[in-house]
Amino acid sequence: MCGIVGYIGQPRRAEEIVDILSLLEYRGYDSAGISGINDDGCKIIKEVGSISNLRKKIPQQWSVTNAIAHTRWATHGASTLQNAHPHQSLDKKWIIVHNGIIENYKELCSRISACANISPNSRGGGTDTQILIEYIANKNIDTFEDFVKLFQDIKGSYAIICQNTQKPNELYIAKKNSPLYIASDKDNNIFLASDPVCFSKYTNVYKTFNDNEFAHIHDQKIFIVDSELRPIIKESSKLKDDFVEQTKLDYAHFMLKEIYEQPDALRRQVDFYKEQKILSKFNSDFLSRFNQIKLVGCGTAYHACMIGVKYIENILSIPASAEIASEFVYNTNVFEPKRTLYIFVSQSGETADTIKALNIQKEKGATCIALTNVAYSTLSQQADYCLPICAGPEVSVASTKAYTCQLSALYLFANALKTNEDLEKAYNNIVELSTKLFDFNIETADKIAEYISSKRDAVFIGKNFDFVTAREGALKIKEITYVNANACPSGELKHGYLAIVEEGTPLVVVATDEELNSKVFNSSSEAVARGAVEIVISTDDHECKYLIKLKKINPLLMPMLSIVPIQYIAYKASILKGINPDKPRNLAKSVTVE
Ligand code: F6R
């Protein structure tokens with residue numbers, strides 16, 4: 001994962017480079033660092049933990065003309081100062097920031113003499129990036145051409161920016177399977193970053209690096225080539241305005257702001273789809289090309305896929321399945337791939353497993369739709385069609401508004417494939433739904449948060465749509481409260497999960513389907529008989545310790561409504577436990593490694 005930044009241009013306060021880097025914190029916050037060059041030479045500053053820790057160490061007067069910076073999510077090597085980027089070669093000549101994984105780093109290590117000090121087996125335990133920069137240093141590279149050729153030896157994924165301390169006006173860049181963007185402002189200052197949102201303060205025009213492209217920046221000129229050193233001329237893209245805004249406003253955390261933004265986000269999506277006629281190409285003729293639909297994603301996006309399957313099967317009566325991307329890549333036996341429509345669901349559009357799954361299916365000739373929140377993301381660029389979700393920037397690690405927008409996009413999409421009339425009704429349904437998202441008792445939700453935050457485990461149950469909400473709810477609780485929350489279909493409770501239940505175990509029962517509720521409550525009573533405390537989210541009255549009563553609505557829309565109180569409860573429980581819900585431990589917003 002990780003995020004990288006590069007700068008070369010007029011003297012600029014290093015603090016400003018750190019500000020740019022902070023826009024990438026969603027990609028990891030285990031450690032951060034910056035290397036800056038000015039007339040006095042080169043200085044590297046790093047710190048463990050979030051970028052705010054690094055910021056405290058940056059001298060106010062430090063101004064730089066050439067800088068590279070990094071925020072890390074540890075993959076190889078622990079989250080220590082030693083493993084923080086930028087890394088400098090032992091001969092002090094080369095400095096690197098790297099996002100990705102060098103797969104053959106052990107082999108590279110065995111080929112260089114400096115290996116004894118930095119080997120992954122040595123006491124220092126060199127990371128893949130440390131070994132790469134040593135490899136570069138050991139190859140005695142003189143020219144940019146040598147740098148490009150050296151990458152024939154490198155296997156893995158990388159977005160790399162290198163400084164050469166002997167050439168303070170230059171940067172060397174390589175990119176494969178990790179995103180990287182470049183921009184220059186009106187004064188010809190050049191910026192590089194893992195996300196073009198970083199440039200928004202300086203310019204909204206940027207260029208995207210493709211895989212196996214390299215760049216040399218020297219004397220304020222950008223020279224881009226492919227792996228055969230053939231020059232490449234690149235088109236510019238423009239950043240959409242809504243990706244610029246990333247402030248908490250008056251909210252204590254991004255997560256709370258994002259939970260409360262959901263009604264607006266849903267309406268914005270409907271307006272955008274109507275104005276831009278986003279769904280006009282997805283009609284019954286389009287559908288007739290396929291005999292099945294597969295939805296692929298990870299984590300919360302996978303839960304959106306599970307609901308999407310139910311929409312497709314209910315509305316269109318065509319077979320559909322939801323697939324976890326990291327597992328689906330091993331499924332080599334898809335029946336009639338050319339007659340299969342794939343929908344890859346991803347908030348970021350940068351999730352490595354989802355991108356890999358897409359590439360495998362594209363090679364087989366399948367039609368691929370990317371349903372993402374980031375129009376310029378890798379997934380969007382590689383798919384045949386894009387379905388934007390219009391949630392606006394989602395900063396908090398725990399996905400909230402992206403999830404409800406994913407569900408609404410899938411609901412609208414399924415209706416579009418049926419008839420225009422159904423689509424018009426679906427638009428109205430979403431707009432009406434958006435007015436009801438917070439029609440639940442907040443005080444009860446606060447009490448539930450207090451109860452859950454005091455417990456080690458929690459069990460979530462539901463049936464059909466409500467089972468998916470139970471899964472997504474349990475994931476939210478687990479991610480930001482560290483309570484071991486597990487979800488199962490209510491019918492599975494007595495096939496194993498009941499063993500977890502002891503006196504006081506919170507049992508979150510999602511029961512919003514009139515026809516199924518009595519069965520769900522039968523299961524929950526078996527857990528109550530063994531000491532579980534029922535927390536019920538239901539359209540029905542039910543005698544229990546905590547009840548969040550929801551209005552009855554169209555069952556297809558219910559998953560967008562019933563998840564909101566659970567998101568809120570997870571947020572509150574996280575705060576009660578003293579956890580920062582925007583940055584829970586061990587996680588990152590964008591998971592760009594397999
Ligand atoms: C959960 C969460 C993760 C993501 C998953 C996929 O709150 O945010 O489970 O849903 O990492 O990320 P995207 O949607 O960016 O592919």
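A quick word on the ground rules. Residues are numbered from 1 along each chain as its sequence is written, and side-chain values use heavy atoms, with hydrogens and water left out. Because this is a predicted model, local features need pLDDT of at least 70 and side-chain atom pairs count only at pLDDT 80 or more, while totals for chains, interfaces and linings use all residues.

**Helix pairs**

Two packed helices are described by the angle between their axes and the distance between the axes. Axes here are lines fitted to C-alpha atoms, for helices over the stretch in contact, and angles run from 0 to 180 degrees between N-to-C directions. The helices (H or I, at least four residues) and strands (E, at least two) are DSSP runs, numbered from the N terminus.

| Pair | Residues | Axis distance | Angle |
|---|---|---|---|
| α10 and α14 | 299-316 and 401-418 | within 9 Å | roughly 25 degrees |
| α14 and α19 | 401-418 and 558-576 | within 9 Å | roughly 175 degrees |
| α8 and α15 | 262-275 and 420-434 | 8 Å | about 160 degrees |

Let's start with α10 and α14, which are therefore roughly parallel to each other (angles under 35 degrees count as roughly parallel, and over 145 as roughly antiparallel). Their crossing is right-handed, the term for a near helix turned clockwise from the far one by less than a right angle, with anticlockwise giving left-handed. Contact means heavy atoms within 4.5 Å, and the α10 residues that meet α14 include A304, I307 and Y311. On the α14 side, L407, L410 and Y411 are among the partners. The residues of this contact divide into twelve nonpolar, five polar and one charged. For these classes, Ala, Val, Leu, Ile, Met, Phe, Trp, Tyr, Cys and Pro count as nonpolar, Asp, Glu, Lys and Arg as charged, and the others, Gly among them, as polar.

Helix α14 also pairs with α19, at roughly 175 degrees. That makes α14 roughly antiparallel to α19. Here Y403, T404, L407, S408 and Y411 of α14 touch P559, M560 and I563 of α19.

Residues in contact include L266, R267 and V270 of α8, along with E424, Y427 and I430 of α15. This contact counts eight nonpolar, one polar and three charged residues.

**Cavities**

A cavity is a set of points on a 1 Å grid over the protein atoms alone where a 1.4 Å probe fits but cannot get out, and its lining residues have an atom within 4 Å of a point. The structure holds three cavities of 30 Å³ or more. The largest has a volume of about 240 Å³, and of the 21 residues lining it, Y26, D195, Q347, V374 and Y376 are the closest to its centre. Its lining has nine nonpolar, seven polar and five charged residues. Volume is the space filled by probe spheres set on the grid points, which are joined across faces, edges and corners.

**Two backbone details**

The peptide bond from H85 to P86 is cis, with omega near -5 degrees. P86 sits in the loop between β4 (63-72) and β5 (87-88).

S317, in the loop between α10 and β16 (320-324), has phi near 50 degrees, a positive value in a residue other than glycine.

Key:
Parallel < 35°, antiparallel > 145°, perpendicular 65-115°, else oblique. 1 Å grid on protein atoms, 1.4 Å probe; cavity = no way out; pocket = protein on both sides within 12 Å on 5 of 7 lines; lining within 4 Å.
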